[in-house]
Amino acid sequence: MEASVTVITNPTVSVRVTSTVSSFESNRRFNRGITIAEFKSKLEMIVGTPAAYMDLELYNTSDRFLQKLENNDALLGSYPVDDDCKIHVTDCSGTQSGEFTDVSKVDKFEISDDAYEKRTDSVRNFKKNMKLGRFNEESMAMQEEALAKKEEEEKAAAEAIAVGSRCKTQIAGQPTKIGTVMYVGTTDFKPGCWVGVKYDEPLGKNDGSVNGKQYFECQPKYGAFVKPLSVSVGDFPEEDYGLDEM
């Protein structure tokens, strides 16, 4: 009777995740059965780059380039991904490189405020004549009322948030982030109420300090300050990034 050999493949794989957005390296375990498209969605929560703007490169355990992960419909396990391999995420959106925001090379036309005030063909003069924006007293009064109302809402929301609570932040244009409330109150860097959050992943902007003042302590890139209305407190456990899909 011939002996049989059974090959058992681990359904999950532990990889090192790096990106052009940050020098931080994160170790995460993923299910081999997810597609590259699903894999990108999970990486979005780690590196902050939108899935649609990701290029993925696979490196072996010695950091030697193997290939690109280009087929969104292919399974992660169909690629030669082994434990301790590296997945490098390239942000192609242009926002991280400053491609769309760096105006330092743009020639600028400058004019003094007094000279601009005297011009009859300026936007300011047009607004004055049409009573638009700050030149419309009724509109300005409504804006001030709306601002005061929002400040009251922010204050009420801040009073309902306790330090130590688990939370998620939802800010327009950014992925939802999970973390822990570390600070609630006013700050020196901007007026109003702010919530200091320590994120579970390095998706923040600081270490709990701004302009040299320490409001709370955490690792660099894990801390951020968010307006209270963008913070939801609740039972938000740390993400397991795929293990619940086994």
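Is asparagine 71 buried, partly exposed or exposed? Asparagine 71 is partly exposed, with a relative accessible area of 40%. Buried means under 20%, exposed means over 50%, and partly exposed lies in between, using a 1.4 Å probe and protein chains only.

A word on the model. It is predicted, so local features need pLDDT of at least 70 and side-chain atom pairs pLDDT 80 or more, while totals for chains, interfaces and linings use all residues. Residues are numbered from 1 along each chain as its sequence is written, and side-chain values use heavy atoms, leaving out hydrogens and water.

Back to asparagine 71. Find it in the loop between β4 (65-68) and β5 (85-91). Strands are DSSP runs of E, at least two residues; helices are runs of H or I, at least four; both are numbered from the N terminus. Asparagine 71 touches Ile36 and Tyr79, leaving aside residues up to four places away in sequence. Touching means heavy atoms within 4.5 Å. Isoleucine 36 is 35 residues from asparagine 71 in sequence, yet the C-alpha atoms are 6.8 Å apart.

Now the second largest pocket. A pocket is an open set of points on a 1 Å grid over the protein atoms alone, where a 1.4 Å probe fits, with protein on both sides within 12 Å along at least five of seven lines; lining residues have an atom within 4 Å of a point. Lys150 and Cys193 are among its lining residues. Helix α4 (residues 137-159) gives the most to this lining, with six residues.
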